[in-house]
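Hello,

Here is the structure I promised to pass on to you. Have a look at it first, and then read my notes below.

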Amino acid sequence: MKTFLMFIIMTWLSVGLFAQPICFRAEVKNTWTKSKTDEPVVIKLDSLKKTLGGDKVTAAVVEYDGRQVPYQLDDMDGDGTFDELVFLAQLQPHEHQSYLI
């Protein structure tokens with residue numbers, strides 16, 4: 001039993017150590033003439049996986065202007081896999097922002 005448990009732990013650690021992070025930029029633009037406060041930005045992870053490759057998303061980091069932005073990963077259909085990444089943007093009229101994810 002101890003050997004089996006050690007095998008499970010080592011397998012879990014090796015998968016975590018060798019998983020390659022995928023980084024990309026999300027471009028957000030306010031086309032309105034009014035400011036947008038706490039505007040939700042929703043990124044569908046299904047289409048992202050097809051474009052960038054990789055397995056299911058287990059964690060993320062969202063940065064803007066060198067600072068981390070609070071976000072959440074949502075499992076919309078209850079299958080145990082995250083379906084979307086959501087964060088809030090603060091945008092001035094016609095402002096363009098680039099987020100590193």
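Which residue in β7 is the bridge partner of Val-28? That partner is Gln-97. β1 and β7 run antiparallel and are joined by five bridges (strands pair if DSSP finds at least two bridges between them).

Before going on, please note that this is a predicted model, where local features need pLDDT of at least 70, side-chain atom pairs count only at pLDDT 80 or more, and totals for chains, interfaces and linings use all residues. Residues are numbered from 1 along each chain as its sequence is written, and side-chain values use heavy atoms, with hydrogens and water left out. Helices (H or I, at least four residues) and strands (E, at least two) are DSSP runs, numbered from the N terminus.

Strand β7 covers residues 96-100, with Gln-97 and Tyr-99 on its covered face and His-96, Ser-98 and Leu-100 on its uncovered one.

Tyr-99 is also among the residues with the most contacts inside the largest nonpolar core, which has 17 residues. Such a core is a set of buried Ala, Val, Leu, Ile, Met, Phe, Trp, Tyr and Cys residues joined through side-chain atoms within 4.5 Å; buried means under 20% relative accessible area (1.4 Å probe, protein chains only). β1, β2, α2 and β6 each supply at least two of its residues, and β6 gives the largest share, four residues.

Thr-81 sits in the loop between β5 and β6. Thr-81 counts as buried because its relative accessible area is 18%. Leaving aside residues up to four places away in sequence, Thr-81 touches Lys-49, Lys-56 and Asp-75 (contact means heavy atoms within 4.5 Å).

Best wishes

Definitions and conventions:
Buried < 20%, exposed > 50% of the residue type's maximum accessible area, 1.4 Å probe, protein only.
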